[in-house]
Amino acid sequence: MDTSLVDSGQFWPWLIPALPLLGALLAGGLHFDVLRRRKNDSDASGAPVAAGIAILAMAGAFLFSLKGFLALRAGDGIILSTAFDWIPTGDFTVRWSLMIDRLSSLMTLVVTGVGLLIHIYAAGYMKGDAGYAKFFAYLNLFVAMMLMLVLSDNMVGTFVGWEGVGLCSYLLIGFWYKDGWRAEAAQKAFVVNRIGDAAFLLGMFILATTFGSLDYSAINGEVSLLAQDGLPWKLSLAALLLFGGACGKSAQIPLFVWLPDAMAGPTPVSALIHAATMVTSGVYLVVRLNPLFAGAPMVLTLIGAVGAATAFVAGTSALRQRDLKGVLAYSTVSQLGYMFLALGVGAFSSAIFHLVTHAFFKALLFLGAGSVIHGMHQEQDMHKMGGLKSHMPKTFITFLAGAAALSGLPLMSGFFSKDEILAAAFAGGGVSLILWAIGLVTAAITALYTWRMVALVFFGKERFDVNSVHPHESGSLMTTPLFVLAILSVAGGVLGLPIVFHAPHLLAEWLAPVLEPGKQILALANDGHAPHLSHLVEWILLGLGAAIALGCAHVAFHAHREGTASDLAFETKNPELAETLSNAWGIDRAYKRLLVQPIMAAAAALSALFDLALIDGTVNGIGRFAERTGHKVARQANGHLGSYGLIIGGAACVLAAVWMWIGA
Amino acid sequence: MPLLTLIIFTPLLGALLLALVPIREVKVLRAIALGFTLVTTLLGFLVWQGFDPGEAALQLTEVHPWFELPGALAANYSLGVDGISILLVALTAFLMPLVLISTTQAITTRVREFLIWMLIMEAGMLGVFLAADLFLFYVFWEVSLVPLYFMLGIWGGQKRLYATLKFFLFTLAGSLVMLIGAIALVYQAGTLDIAALTQWAGAESLSVQGWLFAAFALAFAIKVPLLPFHTWLPDAHTEAPTAGSVILAGVLLKMGTYGLLRFGIAMFPLAALEASTLFMILGAAGIVYGAFLAMAQTDVKRLIACSSVSHLGFVVLGMFALTSAGLRGSVLQMVNHGLSTGLLFLLIGMVYERRHSRELSDYGGIARVMPMFAFFFVFSVLSSVGLPGLNGFVGEWLILLGAFEASPVLTGVGVTGVVFGAVYLLRATRLMLFGEITSDQNRALTDLTGREIGLLTPICLLCLVIGVMPGPFIERTEASLEVIEQRLDAARDQQAARAELERPAVPAEESAR
């Protein structure tokens, strides 16, 4: 790989993140203006101007992302655009610099494309909210940060976006901060992410001190050279630490606990941040540094194991959620687990493939859920829904498309991307076969919880008071994005058709130059050839996946289409199991007991016992001692000549003794 | 133009004028004080502009013979500014008018005195950073101590007398140890000129450097304050009026870290190398310890005070890593901490003026009635937790990077501060700003006034500028820091050579290592 990229001298790449940033500033200014006007006019609102600004900014960012994509497709090499120097460390200088290559270009298209649709949807969804303008300011700021994350040509710039999206996530989860629990969820998300960020920082420091640069091109280039004779252990450690950062942002075990709580944010936020974009940053980071991870096979194995475990645990948890958004939240954690499973078996391009299709169908499902919640007057409990298909036909039909894609029904986008991951795990053989098996079981679970959700929400009898709740279809501002996403969810598979279809795998071919270094290193470990499956085995795996998805979807749908009876039966039969599953196996509670409470108790003890009693007590003790001595000494100054004489005489004797002692 | 003399004496002149004018009108007095600090700011800007980033030695120097100490030691009135002090001089000049404006509503008794002490304090702090003569340095050091004593004692909170005495005794104890060290130093070296002393001390053996370093370092460590000498700080901060807290956090504490760098590391490189691990441990421990203290606080001002212990732990950790990134980061972080913690104290002061409580539990949900306040508070918290794009990140990142080169393990300890910092600051944010408003007193709170927004905005903008474009700031420190790095390298060679000499005869291949 060329390690010394030449700056393109073009400035327009900066417009991609700058436009949403500008949008955020304008919408933010508008928000304060609205607050000012509201003093006289209680109806003052930022709608629809704020949404207009934000949507325009997104459209602009999307167009420039498209420009980048077209330029690359026309054969341009990597487009580098450096603004100015940022941090001179004394040994090297970090610059504000963007890089449009095939990976970042794809990411910008997903972020701005899906982001644009969600912005349009939100313009309808947030109507009437007091913080309308503020919402769009945050949302645009988020997109700007996400674009910085994927576009930066160096790790520090990525870290700006990395923490920036974390901030926006914090602000948006706590958007309705009047509810204390939402504010707590926001704080939890930020803090848990920061644990990952601390690991990210340490990983970055290892790379910086090893290579004297944090530019991706330099790191990847140097790693590729070193990998010929195996990477030193400290680089494996760096990979491990960076994976720790990825665990935080992408909600993997052990740091996934913040994501289910993050559903406290408005639903468009869940769709954009907590499904389609931010949570995939960890996947992006690993793929961006694919030579480093490819050169650290033990870390890769760990990533696969963590991914598989997360997929399974979260999947089982999604089975037992009653909250509609809860199902989707755990489902997201589980699907992210699939992506890490893919990374773990070295299938980097499959991970990105699933990232893209998941962005489509999970954004769709969240937006559909938002439409349901909207139509149901903020009801989220699926047990209080039912029969909505006739009330909300547009939401229903698009939701079906998303569900089909998520559960991997044949020929849907999720079918191809999930199958590709499972095939890669199967082909890896050995330990990977365990991952494959877990992945397959999770695929079954996915179909089960997806179709349980569909049945409970849209089929059967209405389980709400038809007299007081009148479910209604959402406006076209909200349903139009649903249809676009539905088409993408259904047809997104064309990006990566299986080899046995004898069609080009568009995505893999597109990403090949970026993934080549990692692929070579992996091949090195496998004596020069990549794992390969015969066509027959591929067909069998495809058929197996299709059969499992269809079978489980069928079972779940029929178990739940008549209502909540089977749910309640399970709960009465296995109350403890149901409880454990619905709380993600009690991991969150264990953290609270084993980590959070002890730390807070230690802080209190340290402050009260050690700091105030011991250290400060000593200080005060010295003070009191000095004071008392002072009083005693002062008492000697009593005006009696005799006692002065005694002191002078005594002192003279002591001095004489000291003098003689020194003299001798 | 003797720029440095002007910048020190302008506030003093202002103080003198305030003492003499027969005007009783408080507004006029405030205007006079503000006018003089603004002129000082302007002079600070001229110093900033006139500063040559390529020059390592003291610049804009002024030397005038002053008097002779016994033993034919010539004390000079000599000033100068270099890369170690330029940022702090600029910070002081930048902050003071804003701090003065912040007192308009908070200080209503004995205003004239208060303003006089503020101006004397400014002169003292600038003098500390600009003195090129050890005697003069010591004079300014003590001068800067006195005003805070009175500010705490007269305008402080309920436990102010205890806090005042504690602050004074702690600092005085440090000063005395430094005085002994200074006397020992100057009589051995035969000069009071700091540059000459630095030359002399650098050539001395470890045993000579060690004792002198210890004397100076102890005094500065108390001022920083470094664990375990930190307990005066939460009390002083909590009891001080807002302006006092801002100056204390913004500038006064930096006299400690400044001293550690100029007199500890630059003057005694051999000793600094020996003490490096100890100080890095104290720094890392301070980060975690301060954070834990902050987590346990219920008084928001005390919480911010404890966070200072944690943040200054970062500065010491980076400084004593003795690497180029660590030194750069620590010098920059001195300014960053001054800005972000200054902001937080200002904001706490503003809400205290309205609500007269510092207890977190008295608040809750006030973002609703004070949206502007909420905006600035969250901004300041983000600056303080080192969010990339704002000032704190650049300093913290450089510090951790530099520390990592010296000790990955201690950096691993220090980096937990990144997590804990988010814990205590976001907890405070949540408890104050978010949730339901439960008390009528909170419901009646009014948002920030134009004056308040006006004084916060420049600081926030500076936070943003340093976060995005720290180049002009780091650049000005580089030449001077490089000289320190060279002295450290030379000391490292010396250390290695001595280790070679002391080593008993060993097999050849091992000693070749």
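## Cis peptide bonds

B:Pro225 sits in the loop between H8 and helix H9 (232-239) of chain B. In this predicted model, a cis peptide bond joins B:Val224 and B:Pro225, with omega at about -5°.

Chain A also has a cis peptide bond, between A:Ile253 and A:Pro254, and there omega is about 10°. A:Pro254 belongs to the loop between helix H8 (233-249) and helix H9 (258-261) of chain A.

## Helix packing in chain B

Two packed helices are described by the angle between their axes and the distance between the axes. Helix H8 (residues 206-223) of chain B packs against helix H11 (residues 269-296) of chain B at an angle of about 70°, and their axes are 8 Å apart. H8(B) is therefore roughly perpendicular to H11(B), because angles of 65 to 115 degrees count as roughly perpendicular. The crossing of H8(B) and H11(B) is right-handed. On the side of H8(B), the residues that meet H11(B) are B:Leu206, B:Gln209, B:Gly210, B:Phe213 and B:Ala217. Their partners in H11(B) are B:Leu270, B:Ala271, B:Ala272, B:Glu274 and B:Ala275. By class, the residues of this contact of H8(B) with H11(B) are 7 nonpolar, 2 polar and 1 charged.

A second pair consists of helix H10 (residues 242-265) of chain B and helix H12 (residues 300-319) of chain B, which pack at an angle of about 20° with axes 11 Å apart. H10(B) and H12(B) are therefore roughly parallel to each other, because angles under 35 degrees count as roughly parallel. The crossing of H10(B) and H12(B) is right-handed. H10(B) contributes B:Ala249, B:Leu253, B:Thr257, B:Leu260, B:Leu261 and B:Ile265 to the contact. H12(B) contributes B:Ser308, B:Leu312, B:Val315, B:Val316 and B:Met319. The contact of H10(B) with H12(B) has 9 nonpolar residues, 2 polar ones and no charged ones.

Chain B has 20 helices and 2 strands. The radius of gyration of chain B is 23 Å, close to the 24 Å that the globule rule gives for 513 residues, so chain B is as compact as a globular protein of that length. Taken along the principal axes, the C-alpha atoms of chain B fill a box of roughly 80 × 55 × 40 Å. Of the 513 residues of chain B, 59% are counted as buried. Among the contacts in chain B with a separation of 6 or more, 81% come from residues 24 or more positions apart.

Chain A contains 25 helices and 2 strands. The C-alpha trace of chain A spans about 110 × 70 × 55 Å along its principal axes. In chain A, 57% of the 664 residues are buried. Of the contacts in chain A between residues at least 6 apart in sequence, 82% join residues at least 24 apart.

## Where the chains meet

The contact between the chains takes 41 residues from chain A and 41 residues from chain B. On the side of chain A, strand E1 (79-88), helix H5 (155-173), helix H6 (180-211) and helix H24 (587-636) each supply at least two residues. H6(A) gives the largest share of that side, 15 residues. The side of chain A that touches chain B has 24 nonpolar, 8 polar and 9 charged residues.

A:Phe200 is placed in helix H6 of chain A. Is A:Phe200 buried or exposed? A:Phe200 is buried, because 29 other C-beta atoms lie within 10 Å and 20 or more are enough to count as buried. Leaving out residues up to four places away in sequence, A:Phe200 touches A:Phe159, A:Trp162, A:Leu242 and A:Gly245. A:Phe200 and A:Gly649 are 449 residues apart in sequence, and their C-alpha atoms are 71 Å apart in space.

A:Leu524 lies in helix H20 (residues 506-525) of chain A. A:Leu524 is partly exposed, with 15 other C-beta atoms within 10 Å. A:Leu524 and A:Ala227 are 297 residues apart along the chain, and their C-alpha atoms are separated by 8.9 Å.

## Positive phi angles

A:His377 is not a glycine, yet its phi is positive, at about 60°. A:His377 is in the loop between helix H15 (348-375) and helix H16 (393-406) of chain A. A:His377 counts as exposed, with 12 C-beta neighbours inside 10 Å.

A:Leu411, also not a glycine, has a positive phi of about 75°. The loop that holds A:Leu411 runs between H16 and helix H17 (413-428) of chain A. A:Leu411 has 14 C-beta neighbours inside 10 Å and counts as partly exposed.

Definitions and conventions
Residues are numbered from 1 along each chain as its sequence is written. Chains are lettered from A and ligands numbered from 1 in the order in which they are written. This is a predicted model: local features need pLDDT of at least 70, side-chain atom pairs count only at pLDDT 80 or more; totals for chains, interfaces and linings use all residues. Helices (H or I, at least four residues) and strands (E, at least two) are DSSP runs, numbered from the N terminus. Two residues are in contact if their C-beta atoms, placed from the backbone, lie within 7 Å. Ala, Val, Leu, Ile, Met, Phe, Trp, Tyr, Cys and Pro count as nonpolar, Asp, Glu, Lys and Arg as charged, and the others, Gly among them, as polar. Axes are lines fitted to C-alpha atoms, for helices over the stretch in contact, and angles run from 0 to 180 degrees between N-to-C directions. Angles under 35 degrees count as roughly parallel, over 145 as roughly antiparallel, 65 to 115 as roughly perpendicular and the rest as oblique. A crossing is left-handed if the near helix is turned anticlockwise from the far one by less than a right angle, and right-handed if clockwise. The radius of gyration is taken over C-alpha atoms; the globule rule is 2.2 Å times the number of residues to the power 0.38.
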